[in-house]
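Biologist: I have this model open on my screen and would enjoy a guided look at one part of it. Could you take me through that part slowly, with the cut-offs spelled out?

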Amino acid sequence: MRRTGTTRRGALTATGALALGAVLTGCGGGDEAADGGRPAHSGARAAAAKTDRTLREKAVRDGALLLARYDLVAEAHPATAAGLAPLRAAVREHGKALAPPRAKGGEKPPAAPPGPVSAAPKAAVRELAAAERRRADVYAEALVTAGPELARLLASVAAAAAAHAYLLTELAEETAA
């Protein structure tokens with residue numbers, strides 16, 4: 001004959017479910033401030049959003065300057081244009097991905113002139129490699145202050161910039177002086 005009623009296993013399961021429910025309810029509540037029901041952490045979220053937006057805007061400006069430098073090197077040294085084209089296209093795509101949500105497809109960041117290009121093709125490509133290395137370093141440092149989503153994006157772009165620096169260094173070695 002089967003026993004009916006409460007078993008030890010059933011009591012422990014019910015107690016665990018009640019405790020889990022209490023914990024989840026406790027975690028979800030208390031986030032609201034006394035003033036108007038706004039979350040207490042809205043100031044921190046706003047500051048984080050502002051930091052992310054600032055990081056994105058700076059990254060887009062820096063990317064636009066780097067694109068201009070790629071264009072100048074390709075124009076000054078046409079023999080390097082074929083090797084630079086895929087890297088330049090990737091930098092352009094990084095700029096699109098990093099653009100702040102409201103700026104996508106809209107305004108273009110003002111680009112300052114990137115400065116003179118070295119007369120020697122090898123040196124010009126090495127300068128591009130150095131610019132990509134700096135870009136990778138800047139993005140890696142920005143990971144500390146970026147939000148999780150932007151940090152993942154910056155980490156990917158930093159890795160790509162480091163790979164670009166390597167590829168540009170190799171291209172410089174293959175380029176005739």
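What follows is my request and your reply. Please look closely at helix α5: which of the residues in α5 are buried, and which residues does α5 meet in α3 and in α4?

Modeller: Happy to. This is a predicted model, in which local features need pLDDT of at least 70 and side-chain atom pairs count only at pLDDT 80 or more, while totals for chains, interfaces and linings use all residues. Residues are numbered from 1 along each chain as its sequence is written, and side-chain values use heavy atoms, with hydrogens and water left out.

First, the setting. The protein has five helices and zero strands, where helices (H or I, at least four residues) and strands (E, at least two) are DSSP runs numbered from the N terminus. Read from the N terminus on, the order is α-α-α-α-α. Of its 177 residues, 28% count as buried; buried means under 20% relative accessible area, exposed means over 50%, and partly exposed lies in between, with a 1.4 Å probe and protein chains only. Take contacts, meaning heavy atoms within 4.5 Å, between residues at least 6 apart in sequence: 75% of them join residues at least 24 apart.

Now to your helix. α5 covers residues 148-174 and has 27 residues. From its first C-alpha to its last, α5 reaches 39 Å, close to the 39 Å expected at 1.5 Å a residue; the expected span is 1.5 Å times one less than the number of residues. The buried residues in α5 are Leu150, Ala151, Leu154, Val157, Ala158, Ala160, Ala161, His164, Ala165, Leu168, Leu171 and Ala172.

Let's take the α4 side, where α4 spans residues 121-142. α4 and α5 pack at about 165 degrees, with axes 8 Å apart; axes are lines fitted to C-alpha atoms, for helices over the stretch in contact, and angles run from 0 to 180 degrees between N-to-C directions. That makes α4 roughly antiparallel to α5, since angles over 145 degrees count as roughly antiparallel, under 35 as roughly parallel, 65 to 115 as roughly perpendicular and the rest as oblique. α4 passes α5 in a left-handed crossing, which is one where the near helix is turned anticlockwise from the far one by less than a right angle (right-handed if clockwise).

On the α4 side of this contact are Lys122, Val125, Arg126, Leu128, Ala129, Glu132, Arg133, Arg135, Ala136, Tyr139, Ala140 and Ala142. They meet a set in α5 that includes Leu154, Val157, Ala161, His164, Leu168 and Thr169. By class, the contact of α4 with α5 has 16 nonpolar, two polar and six charged residues. Here Ala, Val, Leu, Ile, Met, Phe, Trp, Tyr, Cys and Pro count as nonpolar, Asp, Glu, Lys and Arg as charged, and the others, Gly among them, as polar.

Thr169 sits in α5 and counts as partly exposed, at 27% relative accessibility. Leaving out residues up to four places away in sequence, Thr169 touches Ala129 and Arg133. Thr169 and Glu127 are 42 residues apart in sequence, with 9.3 Å between their C-alpha atoms. Arg135, in α4, counts as buried because its relative accessibility is 7%. Apart from neighbours within four places in sequence, Arg135 is in contact with Leu66, Val91, His94, Val157 and Ala161.

Val91 and His94 in that list bring us to α3. α3 (residues 81-98) has 18 residues and reaches 25 Å from first C-alpha to last, close to the 26 Å expected. α3 and α5 pack at an angle of about 165 degrees, their axes being 11 Å apart. So α3, too, is roughly antiparallel to α5, and α3 passes α5 in a left-handed crossing. From α3, Gly83, Leu84, Leu87, Ala90, Val91, His94, Ala97 and Leu98 meet Leu150, Leu153, Leu154, Val157, Ala160, His164, Leu167, Leu168 and Leu171 in α5. That contact of α3 with α5 has 14 nonpolar, three polar and no charged residues.

Leu84, Val91, His94 and Leu98 in α3 meet Leu128, Glu132, Arg135 and Tyr139 in α4, a contact with five nonpolar, one polar and two charged residues.
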